[in-house]
Amino acid sequence: MSKVTEEEIFAKWDAGDTKEEAFKLLVTAYQEKLYWHIRRMVHFHDDADDVVQNTFIKVWRNLDKFKRQSKLYTWLYRIATNESLTFLQKKKRKGTVAMETKDYDLSADLKADPYFDGNEIQLKLQQAIAILPEKQKAVFNLRYFEEMKYDEMSEVLDTSVGALKASYHHAVKKVEKFLKED
Amino acid sequence: MNNKNEILDELKTLAPSLAGIAKQNCFTIPKNYFLQGMPKVSAVADILEEQATKIQNDFMYLDLMSEILADNFADIANVEVFKVPKNYFETLTENVVAYKKAKLAIEPNVESAVALDASFQTNKYAVPENYFDELSQNILAKVTVADLSAFEKAVETQLNETVFTLPNNYFDKLPQSILNKIKTPEKSAKIIFLQKVRNALAIAATLALFVAGAWFLNLDKTDATNTQSINQQIAQLSTEEVKAYIASNAYLFESEILAEDLMEEDNKNLFWQMDLNADELDYYLQNIEEYNLNI
């Protein structure tokens, strides 16, 4: 998202009477990016739909408090990540099977999901990602799928670059090992 | 592009198999998902818009009413809703006087009749000429210097009289007495946990008994060849003999005796003594049952 567009959003937001217009602009500009980030965390469209809307509602309520010392999209990503992690934790508490274990057959659920269109390898990859600890999953997704730089990721996840590198390395090794298994 | 290559190189180093898998997005979404808007988010915006519209409408209503009132105020003000007879105010005075006269005729009161006429004509409260101009001088002239000083003295005396008295040289001694208090630490109360003391002394007394008994036994033994140790001799004492000794010396374990013993200088370092300040002592006394003193 270009700097000009961020300025435009904030200009309309700060004007007061065009707040709603500013918000619509913000949602339109970032909805796809945030949706896919959330979707890769929670896997299913209905869940992602809920989480992304909760994310934007949180953005609406807290945009006045955003200090603008970092990029807007970094702040949005942070909210989206936290909402995803909160959702997964709630789901874990409600569920009978721990999602981060090999017992959880995500591939079976994804095969049945009308909004999943991938081959066996992709299913296995998603299964491998699903068994990662939640924060490691976020790190892996941001680096592998969204090709985010470590320093940007550091702002999103509020973690040091060194810790993120270590986390990504562990995550990749685990996924690699899972893929090699029969 | 540099970032992309960097990430790819990193992946090839860490996980060659993973690097070999084509990166693709396998997740799909309903048609026009991003175009139809988000219900919850839209709902929030709609509610806020509705609220804003309502507020705006309220203000518009108030503005409109203000305009209506302003336009019609002049007309409203000019409408005479309360009517009076013709020339009412011009004839009011005459009518009041006539009424009074008529009343007086029924209840005659000469002074009132005279005053009634006069009051409508003149101001019956009159003062001498230049009264107010000379008033301050007149007052001052009546108040003599002597009177004033006497008055001032009386006030001063009244202020100096107190009903509270002090010891002689009180304020001279006060600073030193305060300093003395600061330098001398408060003696704190000592709390003695008598139950623990009782238990400890019971054990000590029993041991003393055993030692005494052993010595007693030794005295009785005239056999020079007695090779029994004191412990062996104590072991020969029966349970009844021990109980009898404690029972006959029970007075040694009474609370007051224990307290007296413990207050002696030699017992200062006993572990169950505690130094408490006033607040801690109050708390202790209020919660004395907690300490299981069995007093």
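**The core and the helices around it**

The largest nonpolar core has 43 residues, and A:I38, A:V139, A:F140 and A:V172 touch the most other members. Such a core is a set of buried Ala, Val, Leu, Ile, Met, Phe, Trp, Tyr and Cys residues joined through C-beta atoms within 7 Å; buried means that 20 or more other C-beta atoms lie within 10 Å of a residue's own, with C-beta atoms placed from the backbone. Helix 2 of chain A gives the largest share of this core, nine residues.

Please keep in mind that this is a predicted model, where local features need pLDDT of at least 70 and side-chain atom pairs count only at pLDDT 80 or more, while totals for chains, interfaces and linings use all residues. Residues are numbered from 1 along each chain as its sequence is written, and chains are lettered from A and ligands numbered from 1 in the order in which they are written.

Chain A has nine helices and zero strands, taking helices as DSSP runs of H or I with at least four residues and strands as E runs of at least two, numbered from the N terminus. Of its 182 residues, 31% count as buried.

**Where helices meet**

In helix 7 of chain A, A:Q136, A:V139, A:F140 and A:R143 meet residues of helix 9 of chain A, among them A:L164, A:Y168 and A:V172. Contact here means C-beta atoms, placed from the backbone, within 7 Å. Beyond its neighbours within four places in sequence, A:V172 is in contact with A:F140 and also with B:L11, B:L14, B:A15 and B:L18.

Technical notes. Buried ≥ 20, exposed ≤ 12 C-beta atoms within 10 Å, placed from the backbone. Contact = placed C-beta atoms within 7 Å.
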